[in-house]
Amino acid sequence: MSTVVDIAELSFHHSGENDAGPALTDITLSVSAGEAVALLGPSGAGKTTLLTLLDGRLRDWRGHARVLGVVLAPGNAPPREARADVGFIFQEFALVERSSVARNVLNGRLGRTDTWRALCGLLNKEDSMAAVRAMTEAGIADLADRRVDSLSGGQRQRVAIARCLAQEPRLILADEPVSSLDPVRAEDILELITSASRARGSTTVFSSHQPDLARRFASRVIGLRGGCVVFDRPTDALTNDEIAELYRESAAPQPRVPVPLRLVL
Amino acid sequence: MIRANAWGSFATSSLIAGIVIWSFGTTEVEPDRLLSAGPRIAEFISRMFPPDFSVMPQIIKGSTETLRIAILGTLGAVILSLPLGILAAETMTPAAVYRAVRALLALIRAIPLILVAMLMVGAVGLGPLPGIIAVAFHATGMLGKFYAEAIDNVSRAPVDALESAGAGPLLRLRYAVWPQMAPVVARDTIFRFELNLRESLVLGIVGAGGIGFYIQTYVRSFQYDKAASVTLAVVLMVLVIEALNVALRRRLA
């Protein structure tokens, strides 16, 4: 299986006022094509920061990162085609409130269309077909003409998912897609995301702080705490003790201070 | 502490009283002149009645010209304010540039319209053209600032979402920034148009076109009944435009 995500010795620290979320420390992991991976961990563990990095929107990090074969550089954004290949479902949906549902979903196509045609509002067949397919999958086809600011929270989330699917991404990143939902709806949404991803032969990485859902919908679970990877297991091999330890109430996690070699000898 | 505060407020009141007394001293506000002004004003007003509506053609000609000055002046201000607004936006432009552009806009705002109009009459001659240029220039000071604020108040998240989808800067501007700022821009522009119309009513007094020319002509030649008709027309026009604006702004909410 080919590798979709490959990151090594990755670190990120806040610099001054740069308030881009929690820091990451020396992270190494890889994700293969077709996997569904859950990032599990308490608030502030660095889940969003890691997803933002994979989306190519984080600056000033150190280490090595390759996503879908494109090497990410800390200084600048990845090329347009590469960004279009990675879809991101935002926790707060990040929709254009005054635009229609259809327009918001079509916005997911903007990385795939010619800039000047898109500026003039011209749609090609591929764009409209992808948008209709995505809206149908997300169950919001009948809302196409409604303005987003007239929708409920649940409907908005489906618009955000449809925008990501319309992008026809090869890697889908979802930031806390179910944090604000009741258990039944949470399952519906994760089912929608993971099955749409499978149907496209895409890879999924989603973050959550609900271990049960992570277990059900992911083939592999990565535990993050205080910006470090605590465990990285296939879902079947994950023990309840490991999850309990991940969410253990304590101040900062114990920093792993390397003992100087001289003292050991 | 309390004592100090009491002294502070006493000092403030004394200062204000001092300023008011100083103002009386430096103008010729004499009590007998103020008392005799009553009957004079009454006589002046009586000469305005009944208003002479025979000047209707001049009123129509003057007010359409004022309306045209306001419309074209606003158009000019919009054209100037779009690039200046972008340059004055904190979220779009480097600090050195946006601070300089904001200072420039503040400077433009500080110059009264009537002064700009007088300078423009000197530069391009009498008529509506100097009026249009003056309105466009003066209004840019406010509109450019408003546009910059509209850009800065745009929510960041949808812009990030479009960047994530692979949209370049132009497409982000078109599909994430513009839909958010368009209603604000429309509201600000309508508001500025109303101000432009009110302010351009007096442009004719300095020869920069519009209905102000007739007000000045009739008052200077003591034809107060005709001046009264023009005043009524001006009041009517302002009320109508204001009502229209209220209705438009409600639709944009």
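In the predicted model, 22 residues from chain B meet 27 residues from chain A. About 1900 Å² is buried between the two chains, and carbon and sulfur atoms give 62% of this area. One salt bridge is counted between chain B and chain A. It pairs A:Arg59 with B:Glu163, whose closest N and O atoms are 3.9 Å apart. On chain B, helices α7 (156-165) and α8 (169-200) each supply at least two residues of the side that touches chain A. The largest share of that side comes from α8(B), with nine residues. By residue class, the side of chain B that touches chain A has 14 nonpolar, four polar and four charged residues.

The largest nonpolar core has 45 residues. Those with the most contacts inside it are A:Val101, A:Val105, A:Met135 and A:Ile140. Several elements of chain A each supply at least two residues of this core, including β3 (36-40), α3 (101-107), α5 (125-137) and β7 (171-174). Helix α6(A) gives the largest share, seven residues. Beyond its neighbours within four places in sequence, A:Val101 is in contact with A:Met135 and A:Ile140, and also with A:Leu143, A:Ala144, A:Arg146, A:Val148, A:Leu151 and A:Val159. Another core, of 32 residues, lies apart from the 45-residue one. Among its members are A:Val37, A:Leu58, A:Leu68 and A:Ile222.

Over all chains, the structure holds 25 salt bridges. One of them joins A:Glu168 to A:Arg133, with the closest N and O atoms 3.4 Å apart. A:Glu168 lies in the loop between α6 and β7 of chain A, and A:Arg133 lies in helix α5, so the pair ties together parts 35 residues apart in sequence. Both partners are partly exposed: A:Glu168 has a relative accessible area of 25%, and A:Arg133 has 37% relative accessibility.

In chain B, B:Arg156 forms a salt bridge with B:Asp160, the closest N and O atoms being 3.4 Å apart. Both residues lie in helix α7 of chain B, four residues apart, or about one turn of the helix. A further salt bridge, 2.4 Å from N to O, brings together the side chains of B:Glu242 and B:Arg198. This pair links distant parts of the chain. B:Glu242 sits in helix α10 (residues 224-252) and B:Arg198 in helix α8, 44 residues apart. B:Glu242 is partly exposed at 32% relative accessible area, and B:Arg198 is partly exposed at 34%. Back in chain A, salt bridges that share partners join A:Arg133, A:Glu137, A:Glu168 and A:Arg200 into one network.

Methods. Residues are numbered from 1 along each chain as its sequence is written. Chains are lettered from A and ligands numbered from 1 in the order in which they are written. This is a predicted model: local features need pLDDT of at least 70, side-chain atom pairs count only at pLDDT 80 or more; totals for chains, interfaces and linings use all residues. Side-chain values use heavy atoms; hydrogens and water are left out. Contact means heavy atoms within 4.5 Å. Buried area is the accessible area (1.4 Å probe) that two parts lose on being put together, summed over both. A salt bridge is a side-chain nitrogen of Lys or Arg within 4 Å of a carboxyl oxygen of Asp or Glu. Ala, Val, Leu, Ile, Met, Phe, Trp, Tyr, Cys and Pro count as nonpolar, Asp, Glu, Lys and Arg as charged, and the others, Gly among them, as polar. A nonpolar core is a set of buried Ala, Val, Leu, Ile, Met, Phe, Trp, Tyr and Cys residues joined through side-chain atoms within 4.5 Å. Buried means under 20% relative accessible area, exposed over 50%, partly exposed in between (1.4 Å probe, protein chains only).
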